[in-house]
Amino acid sequence: LPSLSFPSSMHLIQVDSVQRWMEDLKLMTDCECMCILQSKPISIEKDEENELILSSQHSTCDNLQLLLKRAWIISTELTRIAQKLGKNRWQRVHSMTVRVNCHVRSMINEYNTFTRNSSEEMHQFEKILLAKCSEFTAFTERCIQTEDEQILKSMKSCINETLTTVAQYFGQLIELVLTHEAQNLLRQIELSGSMYVTESAISSLFSLTQEGAHLCRIIAKEGGVVALFKICRQDCFRCLYPQTLRTLASICCVEEGMHQLEKVDGILCLADILTDNSHSEATHAEAAAVIAQITSPHLTFTQHLSSFLENMEEIVTALVKLCQEASSGEVFLLASAALANITFFDTMACEILLQLNAMQILLAACSDKHKVDTPYSRDQVVTILANMSVLDQCASEIIQGNGIQLLMEMLFERSSSGNSAEVAACERVQQKSAVTLARLSRDPEVADAAVKLSCIPRLIKLCRSPTERNNSDSVLVACLAALRRLAVMSPEGLEDSDFQQLVKPRLVDSFLLCTNMEESFV
């Protein structure tokens, strides 16, 4: 370019504006390039037409994953824009707004390339959202062109309002898109006579359920539970039962899923599957997983449990049999988790378990490393033992099955990996084994067996050493309770200092004393 001369004041103004424009341009063009490149595949082959067709033939599952990833990015960016806006970081607000605008356009382009029958309502939302994004970008661009505080202050409320509107329309569009895709998958499941198409649709539906409770609610509202139980009632789809039941277990983590399960007599269907010996072990295991999900003590909605009680005896019987015959640790874990949850909400379940000799079956399983091979499985077993220990007849069963020895071993449960979930499971095993000992030690024979196996020194160690119990307060309380029960039955097993600090005071005082016993490495 030829050199041009300007008056000095004019030159300064020009340089300043050009520099500002150059700073903005990089962000804008980067985003624009990104938008264009993501919308058009680039081919180095001569047969470009064929490559274009192949590149668009991703599975529905892949496309939805891409859509959800893009939606997450946009949602995160909108949150960050609100934060920067609060700090008056106008340059950052504008560049991020441009980026969001490009992401929204890319998301809509990507979605429209793989969906065939989107509704008119969806197209309207797309147009409105794109218009609002353009309006948003224009607002923020005006803000970086002025330094007048009064103008910026007056525009801030407009930008805030537009940001809220963009977020609302974006949320509504995503809701429509996900509902539309769930409807398409369910339509395929209900109408397709093809095994391959049905399997593919169920697989995609399962992937959607893994994206969180909100998607599970959408699927449940659109009739997902009804459609999946219809599959589970057709013999021609027997080979699809395991993945169908796995998808059902995911959907039933939300209340809407439970309501649907109740409407279609889902519990009766599950009972039929569990008691039908012609089904595979994999099918029985996944049915047990659904039972474990719908009986979870963490759920706040329990309306479905009335129909569960009607089928409880045959379900419990089938689950005990599954525990006994399990060919792997995973199958045992699912069956024992279902039993553990069932024992929480009705003592009748514990009585049925006693009649079925479940105590001996579970205790025997714990010595089989092919069945009980993780702290998670031991957590389920000791949960069942703790809940059954409220029954007086349980004490003799425990002694016959060498159960006190097992409970003693569980007091030593430690994580080998350091994984947080495994550490938490180990803490639960320690806590529940101490609770079970405390409950069972009302029987002199159990207390005597526990003393002979040196349970008292181990309980004292857990109380006095925070690292032994991984600093868990719940383990400490359970150990103090068990120690006090054993001390009543066998006071000679304690030294005077242990008695004075851990048994004689009020439980809360002993608890406070032990929580202050932090180990010093100074």
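Start by selecting Asn470, which is partly exposed because its relative accessibility is 39%. The model on screen is a predicted one. Asn470 lies in the loop that runs between helix H23 (455-464) and helix H24 (473-489). Check its backbone: phi is positive, about 55°, although Asn470 is not a glycine.

Next, select Asn357. This residue is not a glycine, and its phi is a positive value near 60°. The loop that holds Asn357 sits between helix H16 (347-355) and helix H17 (358-365). Is Asn357 buried, partly exposed or exposed? Its relative accessibility is 37%, so Asn357 counts as partly exposed.

Now turn to the cysteines. How many disulfides does the structure hold? There are zero. Select Cys252 to begin with: Cys252 takes part in no disulfide, and the nearest cysteine sulfur, 8.2 Å away, belongs to Cys253. Cys252 is buried, with a relative accessible area of 0%. Then move to Cys253, where the relative accessible area is 32%, so this residue is partly exposed. For Cys253, the closest cysteine sulfur is in Cys216.

The last stop is a pair of helices. Select helix H13 (residues 281-294) together with helix H14 (residues 305-325), and look at how they pack: the angle is about 135° and the axes are 11 Å apart. The crossing of the two helices is left-handed.

To see the contact itself, show side chains on both helices. On the H13 side, select Glu281, His284, Ala285, Ala288, Ile291 and Ile294. On the H14 side, the contact is made by Leu305, Phe308, Ile315, Leu319, Leu322 and Glu325. Colour these residues by class: the contact of H13 with H14 has nine nonpolar residues, one polar residue and two charged residues. Glu281 of H13 and Glu325 of H14 are among the contact residues, and Glu counts as charged.

How values were computed: Residues numbered from 1 in each chain as written. Predicted model: local features only at pLDDT ≥ 70, side-chain atom pairs only at ≥ 80, totals over all residues. Heavy atoms only, no water. Helix = DSSP H or I, 4+ residues; strand = E, 2+ residues; numbered from the N terminus. Buried < 20%, exposed > 50% of the residue type's maximum accessible area, 1.4 Å probe, protein only. Disulfide = S-S within 2.5 Å. Axes fitted to C-alpha atoms, helices over the stretch in contact; angles between N-to-C directions. Left-handed = near helix turned anticlockwise from the far one by under 90°. Contact = heavy atoms within 4.5 Å.
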